[in-house]
Amino acid sequence: MTETRTLVLIPARMAATRLPGKPLLEIAGLPMIVHVLRSAEAAKIGRVAVATDTPEIAAAVRSHGGEAVLTEADHPSGSDRIHEALGRLDPEGRTEIVVNLQGDFPTIRPDNIRSVLGPLADPAVDIATLAAEIHTEEEATNPNVVKVIGSAVSPGRMRALYFTRATAPWGDGPRYHHIGLYAYRRTALERFVGLAPSNLERREKLEQLRAIEAGMRIDVTVVDTVPRGVDTPADLETARRILAKT
């Protein structure tokens, strides 16, 4: 993937119920959203921009030398937000690959961001994402840890068959913690946002099942670490401890 073909978009909004205003919360001297921006820039896979409905977030990003685009406030999901941002930033349609990087992953490593692109070298793949092997029973049984069930394609890569909050698959063998970072072909993103929410998506509360139910192919790169998402005050303190050491 050449850098001119790839656009990394970071959706960010202030209205998090458990941690209001979290994109601008300070971690190691910088707003959280800026840490994510820096990791995306360090990945060196393409243009990077924050997509937000909040002028304060846009101003913070720009004050640290980043690019931000303002979007409508009423998007039901981050995928819809990045679709609007894509149209605003690249109306000519030059971008072929769109990476959706969550704005609450301040500890994500640049190499993990780069890893998400690998499966898209296969023209049969519509969407690519990441996972890491689960090593604790707490992770395996926690419904807040989304598991991906897949069929091996090659070492370190699998084709996703299902995503679930349940402990799955049954029996002996590895289980995988899904990491919510996606790389879409532009055509796949446009198709995805045009689909109605699916039955399994509503039941599991997992947007990616909409693509699976529609017959879209999602392949997964297995990486060796799970970035710490920030959803609670405890998560925030953990991220502060990690990034204070870097």
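How accessible is R38, and does that make it buried, partly exposed or exposed? At 34% relative accessibility, R38 counts as partly exposed; here buried means under 20% relative accessible area, exposed over 50%, and partly exposed in between (1.4 Å probe, protein chains only).

The close-ups below come from a predicted model, in which local features need pLDDT of at least 70, side-chain atom pairs count only at pLDDT 80 or more, and totals for chains, interfaces and linings use all residues. Residues are numbered from 1 along each chain as its sequence is written, and side-chain values use heavy atoms, leaving out hydrogens and water.

**View A. Helix α9 spans residues 233-244.** Helices (H or I, at least four residues) and strands (E, at least two) are DSSP runs, numbered from the N terminus. With 12 residues, α9 reaches 16 Å from its first C-alpha to its last, close to the 16 Å expected at 1.5 Å a residue; the expected span is 1.5 Å times one less than the number of residues.

**View B. Helix α9 has a buried side and exposed residues on the other.** D235, L236, T238, A239 and L243 are the buried residues of α9. They lie on the same side of α9 because they cover an arc of only 160° around the axis, taken from the directions from the helix axis to the C-beta atoms.

**View C. D231 and K22 meet in a salt bridge.** A salt bridge is a side-chain nitrogen of Lys or Arg within 4 Å of a carboxyl oxygen of Asp or Glu, and here the N to O distance is 3.1 Å. This pair links distant parts of the chain, 209 residues apart: D231 is in the loop between β11 (218-223) and α9, and K22 is in the loop between β1 (6-12) and β2. D231 is partly exposed at 29%, while K22 is buried at 11%.

**View D. Within helix α1, E41 pairs with R38.** Their side chains form a salt bridge of 3.6 Å, N to O. The two residues are 3 apart in the helix, so about one helical turn separates them. E41 is partly exposed, with 32% relative accessibility.

**View E. D111 and R109 form a salt bridge of 2.8 Å, N to O.** D111 is partly exposed at 29%, and R109 is partly exposed at 31%. Elsewhere, salt bridges that share partners join D122, R157, R217 and D219 into one network.
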